[in-house]
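Here are some notes to read alongside the model. Keep the structure open and find each residue as you go.

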Amino acid sequence: SYPFTPIHEKFDGYLKKKRIPYLDLLDEFRGMPHERLQVLPGKDSHPNEIAHRVIAEALYDWLEREHMIPAALRVPERSARRIHRDVDNDPSRTAVR
């Protein structure tokens, strides 16, 4: 039910063709109820602190994998990766798919 999947696919094809490195965050949010990621569900759909944390962790991981963070600036210790799937076990809630 996520309406922008075709756009993700289009960008994926274009960026791969041009050999431009990129990070698609769609999988990071897959299965997460969208109302858990909004500032005020139903009123303000901007990303809240949970969404920003998911983005920040995924971006850091990607930059590190791509060797884009100088060794001197890498985080020396990190907590275990959070498991964010099935945050809300209520199957009637809408989730990013």
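## Notes on the model

1. Let's start with burial: of the 97 residues of the protein chain, 23% count as buried. Here buried means under 20% relative accessible area, exposed means over 50%, and partly exposed lies in between (1.4 Å probe, protein chains only).

2. A word on the source: this is a predicted model, in which local features need pLDDT of at least 70, side-chain atom pairs count only at pLDDT 80 or more, and totals for chains, interfaces and linings use all residues. Residues are numbered from 1 along each chain as its sequence is written, and side-chain values use heavy atoms, with hydrogens and water left out.

3. Now the overall layout. The protein chain has three helices and two strands, and along the sequence they follow the pattern α-α-β-β-α. Helices (H or I, at least four residues) and strands (E, at least two) are DSSP runs, numbered from the N terminus.

4. Look next at H1, which has 13 residues. From its first C-alpha to its last, H1 reaches 18 Å, close to the 18 Å expected at 1.5 Å a residue; the expected span is 1.5 Å times one less than the number of residues. H1 is followed by Arg19, which has a positive phi near 55 degrees.

5. Is Phe11 buried or exposed? Phe11, in helix H1 (residues 5-17), is exposed, because its relative accessible area is 51%.

6. Compare Trp62, placed in helix H3 (residues 49-65). With a relative accessible area of 11%, Trp62 is buried. Leaving aside neighbours within four places in sequence, Trp62 is in contact (heavy atoms within 4.5 Å) with Pro21, Tyr22, Leu23 and Met68. Tyr22 is 40 residues away from Trp62 along the chain, yet their C-alpha atoms are separated by 8.8 Å.

7. Which residues make up the largest nonpolar core? The five are Phe29, Met32, Leu37, Ala51 and Val54. Such a core is a set of buried Ala, Val, Leu, Ile, Met, Phe, Trp, Tyr and Cys residues joined through side-chain atoms within 4.5 Å. In soluble globular proteins, nonpolar side chains tend to be buried together.

8. Finally, pick out Leu37 and look around it. Not counting residues up to four places away in sequence, Leu37 touches Phe29, Met32, His46, Pro47, Asn48, Ile50 and Ala51. Across the protein chain, residues 24 or more positions apart account for 56% of the contacts with a separation of 6 or more.
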